[in-house]
Amino acid sequence: PLYVAAAQGHTDALQLLLNHKAAVDKAAIDGTTPLSIATQQGHTDAMQLLLRHGAQANLVRANGCTALLGAAENGHAEAVKLLLPHMTMAAVNQQDKNSGGTALYKAAAIGDGHPAVIELLVCHGADTTIKDNDGLTALQNAVVFNHSMCARMLDPHDLLPLLLPWS
């Protein structure tokens, strides 16, 4: 029930269940916790409630995913902002086992790219040099997927104008 309430962002139901001692970090079969699913869906009110009740932001599922990876992949900047103070740097830089991507990689490469998420992660100290399973950094993936704004944000030496026509 807690997982379903978190997935739907039903804070009243979450509060009731938590008041009756529901296990805040009880995972689904795939390892997804209520915090992970609330984060993935961008339900920040539900996230705040779960975190106040002791939900662990650093939990890593068997596939290497964290709540932060889901938020970054879906472009939920407010969810990322809420999670970061509760996370270790190791969890911020956690790589999933499928692609080897970090939250920064997901924000740079997935969909249309998520510049607001990239800014939050970089300002928090996310490692921009981590490579995915194909040997590419978040910057290289932003370039590959033609996410010019994301690439510019990840270019510490301002070299893109020398390399790319859209710079």
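Residues are classed as buried under 20% relative accessible area, as exposed over 50% and as partly exposed in between, with a 1.4 Å probe and protein chains only. The structure is a predicted model, in which local features need pLDDT of at least 70 and side-chain atom pairs count only at pLDDT 80 or more, while totals for chains, interfaces and linings use all residues. Residues are numbered from 1 along each chain as its sequence is written, and side-chain values use heavy atoms, with hydrogens and water left out.

A search of the whole structure gave one salt bridge, defined as a side-chain nitrogen of Lys or Arg within 4 Å of a carboxyl oxygen of Asp or Glu. The pair consists of lysine 106 and aspartate 96, whose closest N and O atoms are 2.6 Å apart. Lysine 106 belongs to helix H8 (residues 103-109) and aspartate 96 to the loop between helix H7 (89-92) and H8, so the pair ties together parts that are ten residues apart in sequence. Helices here are DSSP runs (H or I, at least four residues), numbered from the N terminus. Lysine 106 counts as buried because its relative accessibility is 9%; aspartate 96, at 5%, is likewise buried.

A pocket is found on a 1 Å grid over the protein atoms alone, as an open set of points where a 1.4 Å probe fits, with protein on both sides within 12 Å along at least five of seven lines; lining residues have an atom within 4 Å of a point. The volume of the largest pocket is about 150 Å³, taken as the space filled by probe spheres set on the points, with grid points joined across faces, edges and corners. H3 and H5 each supply at least two residues of the lining, and H5 gives the largest share, four residues.

Helix H3 (residues 34-41) is mostly covered, with six of its eight residues buried. These are Pro34, Leu35, Ser36, Ile37, Ala38 and Thr39. Among the elements that cover them are helix H1 (2-8), helix H4 (44-52), helix H5 (67-73) and helix H6 (77-83). After H3 comes glycine 42, which has a positive phi, near 80 degrees.

With a disulfide taken as a pair of cysteine sulfur atoms within 2.5 Å, the count is zero. For cysteine 65, the nearest cysteine sulfur is that of cysteine 150, 19 Å away. Cysteine 65 is buried, with a relative accessible area of 17%. For cysteine 150, the nearest cysteine sulfur is that of cysteine 123, at 14 Å; cysteine 150 is buried at 1% relative accessibility.

Asparagine 141 lies in helix H10 (residues 138-144) and is buried, at 3% relative accessibility. Its side chain makes a polar contact with the side chain of aspartate 132 at 3.0 Å; such a contact is a pair of N or O atoms within 3.5 Å, where within protein one must be able to donate a hydrogen and the other to accept it, and residues adjacent in sequence count only if both atoms are side-chain atoms. Leaving aside neighbours within four places in sequence, asparagine 141 is in contact (heavy atoms within 4.5 Å) with Tyr105, Ala109, Asp132 and Leu136. Leucine 136 is placed in the loop between helix H9 (115-124) and H10, and is partly exposed at 25% relative accessible area. With the same exclusion of neighbours within four places, leucine 136 is in contact with Ile130, Lys131, Asn141 and Val144.
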